[in-house]
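Here is a friendly walk through the ligand sites, the pocket and a few backbone details of this structure. Have the sequence and the 3D view open as you read.

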Amino acid sequence: DTGSAAAIPVNPNYDIAYVTPVSIGTPPQTLHLDFDTGSSDLWVFSSHLPASQIRGQTIYVPANSSTAKLLADHTWSITYGDGSASRGNVYVDNFTVGGLTVENQAVQCALQVSTSFTRESNIDGLVGLGFSTLNTVVPKSQLTFFDNAKPHMDEPVFTADLKWKSEGTYDFGFIDEKKYTGKITYVPVNTSPGYWTFTSSGYAVGSGNFSATSIVGIADTGTSLVYLPPSILTAYYRQVEGATSSRTYGGYVFPCNSKLPSFTFGIGEARITIPSSYISYAPVTAGSSTCFGGLQSSSSLGINIWGDVALKAAFVVFHGGNPPTIGWAKK
Ligand SMILES: CC1CCN(C(=N)N)CC1
Ligand SMILES: CC1CCN(C(=N)N)CC1
């Protein structure tokens with residue numbers, strides 16, 4: 001089996017997150033979900049939510065699906081890095097992404113979501129594509145869509161072709177040679193933390209020398225920005241006129257008309273370059289002439305994150321073999 005589905009920016013001006021249409025149940029209910037390689041719960045806004053917590057999202061109504069079955073006495077509860085959270089009960093149902101169907105996929109139905117999810121009217125839930133060890137369902141943890149689909153896939157892979165301010169693609173079960181240039185460089189993945197954790201070989205700022213240094217981090221489609229060690233941030237933003245680390249805005253900001261260098265990171269001998277346009281991320285508030293950087297410090301996170309700002313500069317292969325690996329190519 002294979003599948004292919006769109007990755008659509010939730011906001012036309014800034015790549016805050018991407019959503020992908022999925023079909024759940026019989027007859028199919030279409031929701032737009034945030035595919036997140038940094039977590040492993042598949043959860044949706046549902047008919048179990050109080051109306052006060054829904055603001056435009058599409059809800060999944062298990063009662064309207066002839067193939068939905070309650071997973072009795074199972075619950076889940078999750079909190080994300082940004083403090084957002086959700087919790088609820090669990091059904092299994094048919095789940096289809098871009099033509100690839102998994103029967104009896106655990107679909108976690110929200111009974112409660114935090115205000116940041118309520119405010120995000122274009123996100124109807126998440127599809128966790130991290131390792132199933134992170135799944136929060138109790139008493140029996142559930143498998144991700146990828147783990148359920150893998151045995152039926154032509155190849156045990158999914159790929160991310162995210163794009164700057166435009167629609168990209170998630171492919172499942174195959175590698176589309178048309179989506180990248182040159183070769184794919186694969187590096188090992190440490191599955192123990194439950195994320196797609198790999199080691200980058202170093203970085204360069206603009207046209208400067210490449211600094212060979214191991215950077216352990218995660219490839220995370222569910223995080224907007226790139227979070228790296230403070231020393232790298234200092235090296236980058238020293239090249240940006242008027243850049244400063246702002247306590248007010250919680251990170252590096254600079255005048256929106258400042259000239260920004262690109263940022264290159266190493267994958268083995270290969271190099272991926274993030275164009276400067278991706279790093280001038282967004283005005284700190286609507287209409288401001290102060291912009292928030294797409295590269296920020298990981299010092300408060302305890303983990304380095306290659307989020308969408310980095311991923312959209314590449315074609316990325318999440319290879320679920322034994323052992324899993326991650327591949328990066330230019331495009
Ligand atoms: C390590 C953190 C990265 C951001 N998160 C995520 N994409 N779900 C939460 C975990
Ligand atoms: C990784 C997740 C962090 C929380 N999210 C959010 N507030 N929209 C969704 C993605």
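## Ligand 1 and its shell

Around ligand 1 you will find Asp-36, Gly-38, Ser-39, Tyr-80, Gly-81, Tyr-195, Ile-218, Asp-220, Thr-223 and Ile-305, where a residue is near a molecule if one of its heavy atoms lies within 4 Å of it. Please keep in mind that this is a predicted model: local features need pLDDT of at least 70, side-chain atom pairs count only at pLDDT 80 or more, and totals for chains, interfaces and linings use all residues. Residues are numbered from 1 along each chain as its sequence is written, chains are lettered from A and ligands numbered from 1 in the order in which they are written, and side-chain values use heavy atoms, with hydrogens and water left out.

Which residues make polar contacts (here, pairs of N or O atoms within 3.5 Å) with nitrogen atoms of ligand 1? Gly-38 contributes a backbone N or O atom, 3.2 Å from a nitrogen atom of ligand 1. Taken alone, ligand 1 exposes 290 Å², and the protein buries 84% of that (accessible areas come from the Shrake-Rupley method with a 1.4 Å probe).

## Ligand 2 and its shell

The residues surrounding ligand 2 are Asp-34, Asp-36, Tyr-80, Asp-82, Ser-84, Ser-116, Phe-117, Glu-120, Ile-123 and Gly-222. A polar side-chain atom of Glu-120 is 2.6 Å from a nitrogen atom of ligand 2, while an N or O atom in the side chain of Asp-82 is 2.9 Å from a nitrogen atom of this ligand. On its own, ligand 2 has 290 Å² of accessible area, of which the protein covers 89%.

By class, this shell has three nonpolar, three polar and four charged residues (Ala, Val, Leu, Ile, Met, Phe, Trp, Tyr, Cys and Pro count as nonpolar, Asp, Glu, Lys and Arg as charged, and the others, Gly among them, as polar). For ligand 1, the shell has four nonpolar, four polar and two charged residues.

## The largest pocket

On a 1 Å grid over the protein atoms alone, a pocket is an open set of points with protein on both sides within 12 Å along at least five of seven lines, and lining residues have an atom within 4 Å of a point.

The volume of the largest pocket is about 1,300 Å³, a volume being the space filled by probe spheres set on the points, which are joined across faces, edges and corners. Its lining has 47 residues, and Gly-81, Asp-82, Gly-222, Thr-223 and Ser-224 lie nearest its centre. By class, the lining has 23 nonpolar, 18 polar and six charged residues.

## Backbone details

Two cis peptide bonds are worth a look. One joins Thr-26 and Pro-27, with omega about -10°; the other joins Val-138 and Pro-139, with omega about 5°. Pro-27 is found in the loop between strand S2 (18-24) and S3 (strands, E, at least two residues, and helices, H or I, at least four, are DSSP runs numbered from the N terminus). Pro-139 lies in the loop between strand S8 (125-128) and helix H2 (145-149).

Methods: Polar contact = N/O pair within 3.5 Å; in protein donor to acceptor, adjacent residues only side chain to side chain. 1 Å grid on protein atoms, 1.4 Å probe; cavity = no way out; pocket = protein on both sides within 12 Å on 5 of 7 lines; lining within 4 Å.
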